[in-house]
Each structure stands twice: as C-alpha cells, then as structure tokens.
Amino acid sequence: MKKFFFLSGLFLMICCNSGTSQNTLIFKKQDYIGKWPFSVDEIEVYCNGYKEIYCTASNGKTYALNGTAKGVSVNNPAISKVEEIWLDDPEHPGLKLYYTDSITEGLTLCENK
C-alpha cells in the first residue's frame, strides 16, 4: 500500500502540467502508473465548495468524484455520474478499479484554497 501511495505521488509530480491553474490537477491515461480507472483518456480534478472533488473529463463532461460532491450535486443536471466513465476491474468481477488517488490529491487542492 505504501508503494501505491508513493507511486501515486510520483505520478502526480510527473503528470501535473505547470501550464494549468494551480487549483487543478491533470491525470492522463498515457502517464498513469497502474490501471487507468476511466474510459476517457484524461481528467482534470478540482475542489469546489467544502471538500467537493470533481473532474472534467476529456469527453467534456463534469463528474462528482467523492461522496461530498455526489451528495451536493445529486439534483444538478450539469454534473454527471462517475459510473458513466468508471471502468470495471477485469481481475475482480463485480468490482471497479480504484480512483482514490484522484480524490486524495483533489483534497489537497481544497486545503490550498
């Protein structure tokens, strides 16, 4: 597990584009260490409100990533359900691939607001 978090941190240092706003993080399939959990090739993660983590995907849609964002945006038609792009884990039928690193790093953006 420590290796996973280390690799996630290393990934973020490598893939975060310095040309973007300091309030977002870019995750790209091509640079991702491990199994890419989404059906889109890129997501831009950001914090909004009180620790609400969202992403804008390369398909142009915005998705709520964590429970706080999902709860706040449940009736917001502009926010799509992450299940639309969240991939199944091919090694574990019935389970999804983890995207917790997106949430964890997104929460750091909330702290830096």
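Mentor: What follows starts with the whole chain and then looks closely at the disulfide and the residues described alongside it.

This is a predicted model, in which local features need pLDDT of at least 70 and side-chain atom pairs count only at pLDDT 80 or more, while totals for chains, interfaces and linings use all residues. Residues are numbered from 1 along each chain as its sequence is written, and side-chain values use heavy atoms, with hydrogens and water left out.

The protein chain has three helices and five strands, where helices (H or I, at least four residues) and strands (E, at least two) are DSSP runs numbered from the N terminus. Read from the N terminus, the elements follow the order α-β-β-β-β-α-β-α. Of its 113 residues, 36% count as buried, a word that stands for under 20% relative accessible area, with exposed meaning over 50% and partly exposed in between (1.4 Å probe, protein chains only).

Now to the disulfide, a term for a pair of cysteine sulfur atoms within 2.5 Å. Searching the whole structure gives one such link, and it is formed by Cys47 and Cys110, whose sulfur atoms are 1.9 Å apart. The link of Cys47 and Cys110 is right-handed, with 105° about the S-S bond. Because Cys47 belongs to strand E2 (residues 42-48) and Cys110 to helix H3 (residues 100-111), the pair ties together parts that are 63 residues apart in sequence. Both ends are covered: Cys47 is buried with a relative accessible area of 10%, and Cys110 counts as buried at 14%. Another cysteine, Cys55, is buried at 0% relative accessibility.

Asn66 is buried, its relative accessible area being 9%. Its side chain makes polar contacts, that is, pairs of N or O atoms within 3.5 Å, where within protein one atom must be able to donate a hydrogen and the other to accept it, and residues adjacent in sequence count only if both atoms are side-chain atoms. One runs from the side chain of Asn66 to the backbone oxygen of Lys51 at 2.9 Å, and another goes from that side chain to the backbone nitrogen of Ile53 at 3.0 Å. Counting contacts as heavy atoms within 4.5 Å, and leaving out residues up to four places away in sequence, Asn66 touches Lys51, Glu52, Ile53, Ile103 and Leu107.

Apart from its neighbours within four places in sequence, Ala69 is in contact with Glu52, Ile53, Tyr54 and Ala64, and Ala69 is buried at a relative accessible area of 0%. The C-alpha atoms of Ala69 and Gly49 are 8.7 Å apart, although these residues are 20 apart in sequence.

To set these details against the whole chain, consider its contacts between residues at least 6 apart in sequence: 35% of them join residues at least 24 apart. The chain exposes about 7000 Å², of which carbon and sulfur atoms supply 55%, the accessible areas coming from the Shrake-Rupley method with a 1.4 Å probe and, for residues, only the protein chains shown counting as cover.
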